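Work through the exercises below with the sequence and the structure open. Try each task before reading its solution.

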Amino acid sequence: MNARTILLLGIDGCRLSITGEEGIAPHLSRMRAAGRLHGMTMVPPTLSGPGWASILTGSTHVQHGVTGNDFIGHRLYSRPDLLSRAFFADQSTTTFAAAGWPPLIDPNGLGPVIHQRLEQQWAGQHRVIARDGETHGYVRVDAEIADYATAMLAGSQAADVSFVYFCDVDETGHLYGLMGEEYRQAIGRVDAHAGRIAAAI
């Protein structure tokens, strides 16, 4: 295992300003206070597909070819994701990914952004948990992702580089808007998941 481990925690559709409101997201607020905040400018369209493809691959929309959530015409196979790049740099690196939005991680869907890397899966070096929040709802699926991530990131079997993604906040924002109580409750649910993961680590 490498001396340094990395966890990229993805919270889709989450407004940073609201996480700082009193009592909304205590775990995320603690993480933010303990770390550093770096801005990032995203070129339009600011949709999940292009956005997460850019975040995970370090590529522009033009380079990875994802221009919408349909992923038509993508060039992701030539744009390695963060986990793959870490493995290619040091082949002793172990990786883990868990997400409930299928295009990010499920090879049977529209992407995936996270490369499948079957040889490393068979060798136990790359573990993947794919769920379908579009079908089963993100409140339920995000809780499952948190359960898996908490188990997988604890103890001696924790991966060196991991990506864990939640979409409850984004879905709630689309359904109820960004200003109401429902949106804040969704942030609170995901904050609780983040707290459990942080405690496991």
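**Exercise 1.** Determine how α10 and α11 are oriented relative to each other in this predicted model.

*Solution.* 
Step 1. Two packed helices are described by the angle between their axes and the distance between the axes.
Step 2. For helix α10 (residues 168–176) and helix α11 (residues 181–200), the angle is about 175° and the axes lie 9 Å apart.
Step 3. Angles over 145 degrees count as roughly antiparallel. Therefore α10 and α11 are roughly antiparallel to each other.
Step 4. The contact involves Asp 168, Val 169, Thr 172, Gly 173 and Tyr 176 from α10. On the α11 side are Glu 182, Tyr 183, Ala 186, Ile 187, Arg 189 and Val 190.
Step 5. Sorted by class, the contact of α10 with α11 has six nonpolar, two polar and three charged residues.

**Exercise 2.** Give the order of the strands in the open sheet, and state which strands stand at its edges.

*Solution.* 
Step 1. Four strands make up the open sheet, in the order β1-β4-β2-β3, with parallel pairing.
Step 2. β1 (6–11) and β3 (126–130) each have a single partner strand, so one side of each is left without a neighbour in the sheet. These two are the edge strands.
Step 3. On average, neighbouring strands of this sheet are turned by 5° against each other, direction ignored.
Step 4. Helix α9 (residues 138–153) packs on the sheet and touches β1, β2, β3 and β4. The direction of α9 makes about 160° with that of β4.

**Exercise 3.** Classify His 61 as buried or exposed, and list what His 61 touches.

*Solution.* 
Step 1. His 61 belongs to helix α4 (residues 61–64).
Step 2. Buried means under 20% relative accessible area. His 61 has 8%, so His 61 is buried.
Step 3. Not counting residues up to four places away in sequence, His 61 touches Met 42, Val 43, Pro 44, Pro 45, Pro 50, Gly 51, Ser 54 and Val 66.
Step 4. The side chain of His 61 reaches the backbone oxygen of Val 43 at 3.1 Å.

Technical notes. Residues are numbered from 1 along each chain as its sequence is written. This is a predicted model: local features need pLDDT of at least 70, side-chain atom pairs count only at pLDDT 80 or more; totals for chains, interfaces and linings use all residues. Side-chain values use heavy atoms; hydrogens and water are left out. Axes are lines fitted to C-alpha atoms, for helices over the stretch in contact, and angles run from 0 to 180 degrees between N-to-C directions. Angles under 35 degrees count as roughly parallel, over 145 as roughly antiparallel, 65 to 115 as roughly perpendicular and the rest as oblique. Contact means heavy atoms within 4.5 Å. Ala, Val, Leu, Ile, Met, Phe, Trp, Tyr, Cys and Pro count as nonpolar, Asp, Glu, Lys and Arg as charged, and the others, Gly among them, as polar. Two strands pair if DSSP finds at least two bridges between them. Buried means under 20% relative accessible area, exposed over 50%, partly exposed in between (1.4 Å probe, protein chains only). A polar contact is a pair of N or O atoms within 3.5 Å; within protein, one must be able to donate a hydrogen and the other to accept it, and residues adjacent in sequence count only if both atoms are side-chain atoms.
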